[in-house]
Amino acid sequence: MTHRFDTLVLGAGIVGVSVAVHLQARGHSVALIDRRAPGQETSHGNGGLIQREGVYPYAFPRSLRALFKYAGNRAPDVRYHATALPRVAPFLARYWWHSAPRSHAAIARRYATLIEHCVAEHRVLARMAGVADMIRPSGWLKVFRDAASQDRELRQSEQWRREYGVAYEAHDAASLRAIEPHLSGLVGALRYVDADTVGDPRGLTQAYARYFQRLGGQLLVGDAMSLEPGWSVDTDAGPVQGRAAVVALGPWSGDLGRRLGYRLPLAVKRGYHMHYKAQAGTGLRHPVLDADNGFLLAPMAQGIRLTTGAEFALRDARRTPVQLAAVEPLARAIFPLGEPVDTQAWMGARPCTPDMMPIVGPAPRHGNLWFACGHAHHGLTLGPVTGRLLAEMMTGAETLVDPAPFAMTRFRT
């Protein structure tokens, strides 16, 4: 027997769950389908930041000094697999081109329309799900080991404030100790005060999924790659069919896109994390990003999470957590980490587009097929606002923001 729904949402990460919630709340009958429980993949492994300040998406370095630094493949914040370069080089070339200052500024003007709603949309969804206390209005810290680095970042943050109203506080060593007494070896910090933080990103995603179920939505285990025009998918509960389908599979979205005849320009930035105990009598109040070395320390339900920067590699290539080994002593130099909590490092893959903006909208050659993917470093940040935007588009409602900049048609797919 085939179970029928208005919409099949494929992928139960933060983006797919948010799409499913918003559609179900608008009267659609929705099946949310994944091979695993909600929040188990990329949505689990982030730094827990809802980045209201993130109006400029993370650009590719363009200075010769930075390029030489990364070419040696020993930098703590960026590594690559040499064997992957022939495959990822075309993507990196386009990423580099879009990161030129004029292009990056134009992208920010479009991207900021989503970012400016990220905190408010999370807070609304968390309140409706009954888990408002899982989101902390704490802001987060970017910390510096030398004054020159802080001065550069201060100038950049001042530009963000002029252009987009990004709020921040500048701290010297003394005022930093007042808000984070157990950090050391630092000259100061910038605190982005309008950002919210999450101490359990996977738990938050699962809470949103439970809310979806309370609204009447169905959470099913199934194989998204079995999607066939019609739109039907095989699940453990039997075949299901929907009038519409949404592809929100994160770094696997391109695989399904290719089956349907689309060449999405997606690559991945892989990342790793480990949890540690804090030494007795110490703790962190904010997530802390080391600006020069690209790692983040974040207080999580599981312990202090140490996350790495970016690893350019094929999505399914062997795990190489060398960045984690490189940054652990650097992290211990600024915060008294204790013993590891995890037995091995976690690894995930951030799905990225060359213009640093997500793909949100209809497929150009199929009716009732929609995509929501490519959020790179801002999947957690943009999940709820993406869910709202796509649900508004699918139901013909007035949209919160102009969806045109995020359309698939900006690429040759």
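**View 1. Helix α3 in the lining of the second largest pocket.** With five residues, α3 gives the most to the lining of the second largest pocket. The model is predicted: local features need pLDDT of at least 70, side-chain atom pairs count only at pLDDT 80 or more, and totals for chains, interfaces and linings use all residues. Residues are numbered from 1 along each chain as its sequence is written, and side-chain values use heavy atoms, with hydrogens and water left out. At least two lining residues come from each of α3 (85-98), α9 (253-259) and β13 (267-278). Helices (H or I, at least four residues) and strands (E, at least two) are DSSP runs, numbered from the N terminus.

**View 2. Space and residues of the second largest pocket.** The second largest pocket holds about 720 Å³ of space. A pocket is an open set of points on a 1 Å grid over the protein atoms alone, where a 1.4 Å probe fits, with protein on both sides within 12 Å along at least five of seven lines; lining residues have an atom within 4 Å of a point. The volume is the space filled by probe spheres set on the points, which are joined across faces, edges and corners. The lining has 22 residues, and R87, R258, L264, L266 and A267 lie nearest the centre. It divides into 13 nonpolar, one polar and eight charged residues. Nonpolar covers Ala, Val, Leu, Ile, Met, Phe, Trp, Tyr, Cys and Pro; charged covers Asp, Glu, Lys and Arg; the others, Gly among them, are polar. Domain 1 (3-45 + 202-265 + 355-411) and domain 2 (59-89 + 136-196 + 267-352) each supply at least three lining residues; the bounds come from an automatic or database domain assignment.

**View 3. An open sheet of three strands.** The strand order is β3-β9-β5, with antiparallel pairing. β3 (49-50) and β5 (135-136) are at the edges with a single partner strand each, so one side of each has no neighbour in the sheet. Two strands pair if DSSP finds at least two bridges between them; β3 and β9 (residues 196-198) pair over two bridges. I50 has D196 in β9 as its bridge partner.

View 4. D77 is in the loop between α2 (64-71) and β4 (78-80). Beyond four places in sequence, the contacts of D77 (heavy atoms within 4.5 Å) include N293, G294 and Q323. G294 lies in the loop between β14 (288-290) and β15 (296-300). The C-alpha atoms of G294 and T308 are 6.7 Å apart, with the two residues 14 apart along the chain.
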